[in-house]
Amino acid sequence: MSHQPAPGLFGGRTAAHALDIIVVGCGLGGLSAAYALARGGHKVTIVESAPAIAEVGAGIQVSPNVSRVLESFGLSERLARDAVEPEGIVFRSYKTGQLVGRTDWTAMTKLYGAPYYHVHRADLHTMLMDVTLPLVSLRLSTWVKSYAGDGSILVSSNGAEETLKADLIVGADGVKSVLRGSVVGRADQAVPTGDAAYRAIVPASKLMEHPELREFVERPHMTGWMGPGRHVMGYCIRAKTEYNLVLLHPDDGSVESWTAEGSADKMRADFAGWEPRVEKLLSFVPSTLKWKLMDRQPLETWLHADGKLVLLGDSCHPMLPYRAQGAAMAIEDGAVLGALFARLQSPEQVLTLLKAYESLRHQRTAEVQASSRLNQHIFHLPDGADQEERDAQMRETLKGVDYGVGLPPRTAGAPPKDATAVAQDVLEHEGNPNQWADTRKSQTLFGYNAEKAAKEWLVEHGLETPAVFDETEVEVADVDEDDEDIEEELAKEAVVREVTNIVAPAEVVALQA
């Protein structure tokens, strides 16, 4: 199937009643919301505290649920050029490097309708900036001090204070959100996880100089080494020219920041004694960033009582990195909000659509937050009986084959599984500690279509007709030239979705309780 963007985002629809909207924050979530809202016909201004937009961060995951959104924004070619499409995810022993579990990702596009990418956060940010800034106004060096009510924010810029007013304020101001307190009426309630994360990037050319490391570049995977109280994740970014490392370890006094410097020597000491390839990789790291991991429970609401301030992304559902979905959830938020407000007919519908946005997004993001917490426990088990049981369950994905420290043969281009095979996977791997092997969880996470979720809500509540909804779906499919192939693929995907009709995983529900 082709996955080029439809001729017009949201089926070319724009709002009959345009709003003046201020988006606070120029991160990935803020840009996605600004783009979607502007394409939906609204006047958008982004307010950002930074004096300039600089390269920040390291590698992040762009799973099918969010690459689908980015493709609809017209970013297909740039993602394919600048990102890396991994063959799968593997888990390894921290002591020996032996393969413990693997999930193949080569059929992601066929199974879920969009690819899986690894990308540098700065590259993705630049892509979103390039498509968004021509459509919006951007105010840099503008600090939001407080929400003044009735769609007004008090800001400070160049030493002067002023009040900015709009029909709607979208608070995408991140994990340390100023606007969150105005919505929930209390200060931030962050709880230390006990973990911190080192982040580092090394040139892939360094890996290619060592035969034992070449496979990490030549056959890109997300590779996880699991050990007592800590784990390492590594993967290629920037068209396989760089290798990204994230190292989770017990916190020893770090701060919650993307830009705080850490000690490369301390990082190497923290992972001394791990398998030789990990130690070799860490020997290439000249400097590192260190980030304290704080957890926050789902908020009771994302919407201010006056109906003119709504939260988005990390400001309302910050994600721990153990499930690699922080950026994805924020971008999904922006897409859903934009799709809903592209159908705005009158001022009286604003509150209705904001409540729809919250209802569509709150449960999903809360479940992903809980799933991330679960992985912290799974990855960090101490050596012993529980760790051995985890590894035994993960090895079920290897079908009894011992690959040592190597990888299974390539399966690039493997066809999507039929309904029987999918059902068998559900039976075999449901509840597997490798959450990426759990077919039900993968369908819930990766099969999500943000724009479709918004459309379905609009149809259900009488704000969109089924006929218009169906036309938009056909319009996207018509991009492919081979109608028979389209019908065959859509039929297969429909069967897969029917077989894997998902409910919230039991352990996630338990964690939320």
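The protein has 19 helices and 18 strands, where helices (H or I, at least four residues) and strands (E, at least two) are DSSP runs numbered from the N terminus. This is a predicted model, in which local features need pLDDT of at least 70, side-chain atom pairs count only at pLDDT 80 or more, and totals for chains, interfaces and linings use all residues. Residues are numbered from 1 along each chain as its sequence is written, and side-chain values use heavy atoms, with hydrogens and water left out.

**Burial, contacts and surface**

- Of the 513 residues in the protein, 56% are buried; buried means under 20% relative accessible area, exposed over 50%, and partly exposed in between (1.4 Å probe, protein chains only).
- Among contacts between residues at least 6 apart in sequence, 77% join residues at least 24 apart, a contact being heavy atoms within 4.5 Å.
- The accessible surface comes to about 20100 Å², by the Shrake-Rupley method with a 1.4 Å probe; for residues, only the protein chains shown count as cover.
- Carbon and sulfur atoms account for 52% of that surface.

**Positive phi values**

- Most residues other than glycine have a negative phi.
- Phe10 has a positive phi, near 60°, and lies in the segment before strand 1 (20–24).
- The relative accessible area of Phe10 is 3%, so Phe10 is buried.
- Arg238 also has a positive phi, near 50°, and sits in the loop between strand 14 (230–237) and strand 15 (242–250).
- Arg238 counts as buried because its relative accessible area is 18%.
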